[in-house]
Amino acid sequence: TDARPYFAAGLEGQPASDPFLGSSATVEGLKAPESNNGIFAHVFPTSFTLFCLAAFLMPIWTLVHLGQDESVRRWLGGRFLAAAVWLPVLFGASHIFHCVKGRPIRLVVAFTLSWSCVFLVVASAKAYVEAGRIGQALASPTCSSVKQGLEADWQEAREFFTACASASAREQLLDVAKVMARRRITDCPGYAAEASRPGRSDNWAYLQHLEERYHCSGWCQEGVQLWAV
């Protein structure tokens with residue numbers, strides 16, 4: 001039986017490579033598949049962007065989260081950590097550039113990966129070194145120079161609260177300790193003006209944050225809570 005009609009039916013326009021059709025036969029109706037390079041160039045921008053997000057999104061989120069912490073911002077400075085939020089912008093620019101060019105660009109790939117790695121390593125190393133240095137100073141049992149500024153402001157806050165509670169106790173004929181237990185420093189008249197004085201506002205706000213968030217009392221030495229209930 002001649003197998004040629006079964007293979008040649010409806011096929012013209014291309015040289016047949018099948019041994020039954022012979023080298024002179026033509027095939028019609030079949031399109032040449034898209035080249036592998038064309039497919040790779042088409043999917044590369046999205047694939048590369050997804051790879052960057054998968055590789056760097058967790059360390060980026062970690063640095064940004066640390067940079068927003070109140071204690072980190074005070075002692076280490078959180079701006080350089082929060083700057084990691086700009087790395088996805090770099091990934092987006094790389095994606096657009098590859099889409100416009102229609103092919104992978106080695107220089108863009110190398111710059112995107114190397115800059116992301118260098119920034120994350122440098123930022124993490126800086127935070128690690130500074131945290132070790134500041135942490136050692138804060139853990140010291142003595143009131144070192146690092147802690148003296150906050151200690152002075154805490155003492156001023158305590159004196160202000162004590163004077164306020166004493167005045168209220170005289171008016172109400174109550175014990176000062178009972179008044180201090182019922183009221184907070186923020187309830188005292190003139191607190192806003194005292195707390196906003198230059199050089200004091202940041203320290204009082206940070207001390208209030210420590211009491212409300214971590215239930216601290218005092219600074220260099222244990223004391224009473226002034227802000228937290």
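Me: At roughly what angle do the axes of α7 and α10 cross?

Reply: Good place to start! Keep in mind that this is a predicted model. To compare two helices, look at how close their axes come and at the angle between them. Here the axes of α7 and α10 come within 10 Å and cross at roughly 80°. An angle from 65 to 115 degrees counts as roughly perpendicular, so α7 is roughly perpendicular to α10.

Me: Which residues of α7 and α10 meet?

Reply: From α7, the residues include G149, L150, D153, W154 and F160. In α10 they meet N203, W204, Y206, L207 and E211.

Me: How should I read the pair of rings F160 and W204?

Reply: Check the distance between the ring centres, then the angle between the planes. For F160 and W204 the centres are 6.3 Å apart and the planes stand at 45°. Planes under 30 degrees apart would count as stacked and over 60 as edge-to-face, so this pair is tilted. The pair links distant parts of the chain, with F160 in α7 (residues 145-172) and W204 in α10 (residues 201-214), 44 residues apart.

Me: Are F160 and W204 buried or exposed?

Reply: Relative accessibility tells you, and under 20% means buried. F160 has 18%, so F160 counts as buried. W204 has 1%, so W204 is buried as well.

Me: How many aromatic pairs does the structure hold, and which residues form a cluster with W204?

Reply: There are 8 aromatic pairs in the structure. Ring pairs join W204 with F160, Y191 and W227 into a cluster.

Me: Which residues of α6 are buried?

Reply: An α-helix has 3.6 residues a turn, so residues three or four places apart point the same way. In α6, the buried residues include V109, T112, S116, F119, L120, A123 and A127. This helix covers residues 106-138 and reaches 47 Å from its first C-alpha to its last, close to the 48 Å expected.

Me: Where does H98 lie, and which residues does H98 touch?

Reply: H98 lies in helix α5 (residues 87-101). At 0% relative accessibility, H98 counts as buried. Leaving out residues up to four places away in sequence, its contacts include F44, P45 and F48, together with V108 and V109.

Me: What is the phi of H215?

Reply: H215 has a positive phi of about 60° although it is not a glycine. H215 sits in the segment after α10. With a relative accessible area of 63%, H215 is exposed.

Conventions:
Residues numbered from 1 in each chain as written. Predicted model: local features only at pLDDT ≥ 70, side-chain atom pairs only at ≥ 80, totals over all residues. Heavy atoms only, no water. Phe/Tyr/Trp six-rings, centres within 6.5 Å; stacked < 30°, edge-to-face > 60°. Helix = DSSP H or I, 4+ residues; strand = E, 2+ residues; numbered from the N terminus. Buried < 20%, exposed > 50% of the residue type's maximum accessible area, 1.4 Å probe, protein only. Contact = heavy atoms within 4.5 Å. Expected span 1.5 Å × (residues − 1). Axes fitted to C-alpha atoms, helices over the stretch in contact; angles between N-to-C directions. Parallel < 35°, antiparallel > 145°, perpendicular 65-115°, else oblique.
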